[in-house]
Amino acid sequence: MEFLAQAPPNKQPKYAPVFVASSITGMYSQRHVFHDPSNVVTARFYGGRPDTLYNGLNVELSNELTMIRRFGTSNFSTVTYPEPPTCAFSFELENGSIQVLIDTPSAVYVDNQNGTKTTIFEKSAGAGQGYFVASGNVVYYGDGVDTFKYTFGNPNGISWNWGIAAPVAAPSVTTQPAGGSAVDWAASTVFSTMGFIVDPNSNVQQLYSVNALGTNSTQIGESGNGLPDLSTGYGTTTTDGTITWTSQGQITLWAANTLYQPGACIYDPGTGCLFIMSQSASRTSGSTRPNFNSIVALGNGGPFIADANDTKWQNIGKAGVSGAVNQAWAPSTAFSEYQNPSTGNRPANTKSAICFPLNPFIGTDGQLCNGQDTYLIGATTAGTSANTTYTPWTGISSQAVGAITTDNELSWICLGPSAW
């Protein structure tokens, strides 16, 4: 009695073990989920019945007699695949939805879980089992032969190559003597700061700067466009092969109350066309914009686009369109004589007028050539243009070692003759 009096009034709380050595109770479905089905004595003095299952839904005993989820009995998918799948990959999208990708020996599919499948990629011969890695909404895949990435919901396509194709032949390296790797100058070509070229005068030129214009912040620069250095001031001339080019001035946008010279050219963003002021004397535009249209009117007589103060505009074609009446300069090309307009007459042979330095186009800012100054130059003496692309050294017969030549974004320094 004395011992019982000194015993604690309540038993310490009991905890059900994770591992159950034996399971003998079975399933009791008609009970509260927070209590096992043991009686008071069993619960207080023997720890209760921790191996009891409630309802048994998706629960079974493992080989170690622990409670685990059991495999389902319903089919995951009703899709029939042409070959037994090698593996599946659960792809959780950023929006929380899940796609299941199925790899087979010949292709990779998306199981849509509605009785249909979508083919993502046809595997190459010799490909093995695929392996997947997901990052965000992109899955990267490899099978030992193929590498691709799957971009769900991409309107431009869902399957893309992401590996680099190996060359069909091993690359070879040939050692050249110093300076032997120099190449000829080429127009509109990107050169690195280690560039060596041989100019038309057989001098070696080394590229030592790619920021001749002061606006290039990169480590590469682009050479000039190979066009002749045409004079652009209104009425000035340039000889090119057997042609004499005469500048008709800068191509601009129409402006109100502005003095225009005979043959002056404007660009109209609304129609995308070029218009020539077709009078033999200068005229001042009106305060109201003319009603420009896209009808090309060649030859003499009307109709003209009327402007104030007897200013008349002639449409000579759409800028930057192949086959338009204006064209870009090209070497070894025959040009007829471009004739300036006279009173009431349009200019003749407008195909012999070029846009310099670029064939015009509508830029991102809605302006001609993205706002770059562009000029209309007419071949006022018929002939054929020079038979070579112009280089920065055209017209220079000799250069001293150390001489600097500017070439668009590039600066070249002369290293002397290329001969041994």
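This briefing covers aromatic contacts and charges over rings. The model is predicted: local features need pLDDT of at least 70, side-chain atom pairs count only at pLDDT 80 or more, and totals for chains, interfaces and linings use all residues. Side-chain values use heavy atoms, without hydrogens or water, and residues are numbered from 1 along each chain as its sequence is written. The structure holds 10 aromatic pairs. Rings of Phe, Tyr and Trp (its six-membered ring) pair if their centres lie within 6.5 Å; planes under 30 degrees apart are stacked, over 60 edge-to-face, the rest tilted.

**Phe-91 and Tyr-150**
- The two rings pair edge-to-face, at 6.1 Å centre to centre and 65° between the planes.
- Phe-91 lies in strand β3 (residues 87-92) and Tyr-150 in strand β9 (residues 147-151), so the pair ties together parts 59 residues apart in sequence.
- Strands here are DSSP runs (E, at least two residues), numbered from the N terminus.
- Phe-91 is buried at 0% relative accessible area, and Tyr-150 is buried at 3%.
- Buried means under 20% relative accessible area (1.4 Å probe, protein chains only).

**Tyr-260 and Trp-313**
- This pair is edge-to-face, with 5.0 Å between centres and 85° between planes.
- Tyr-260 is in strand β19 (residues 259-260) and Trp-313 in strand β24 (residues 312-318), so the pair links parts 53 residues apart in sequence.
- Tyr-260 is buried at 5% relative accessibility; Trp-313 is buried at 0%.

**Cluster and charge**
- One aromatic cluster is formed by Phe-89, Phe-121, Phe-132, Tyr-141 and Phe-148.
- The charged end of Lys-117 sits over the ring of Tyr-81, 5.8 Å from its centre.
- The Lys-117 charge also sits over the ring of Tyr-109, 5.7 Å from its centre.
- A charge sits over a ring if NZ of Lys or CZ of Arg is within 6 Å of the ring centre and within 35 degrees of the ring normal.

Key. Helices (H or I, at least four residues) and strands (E, at least two) are DSSP runs, numbered from the N terminus. Buried means under 20% relative accessible area, exposed over 50%, partly exposed in between (1.4 Å probe, protein chains only).
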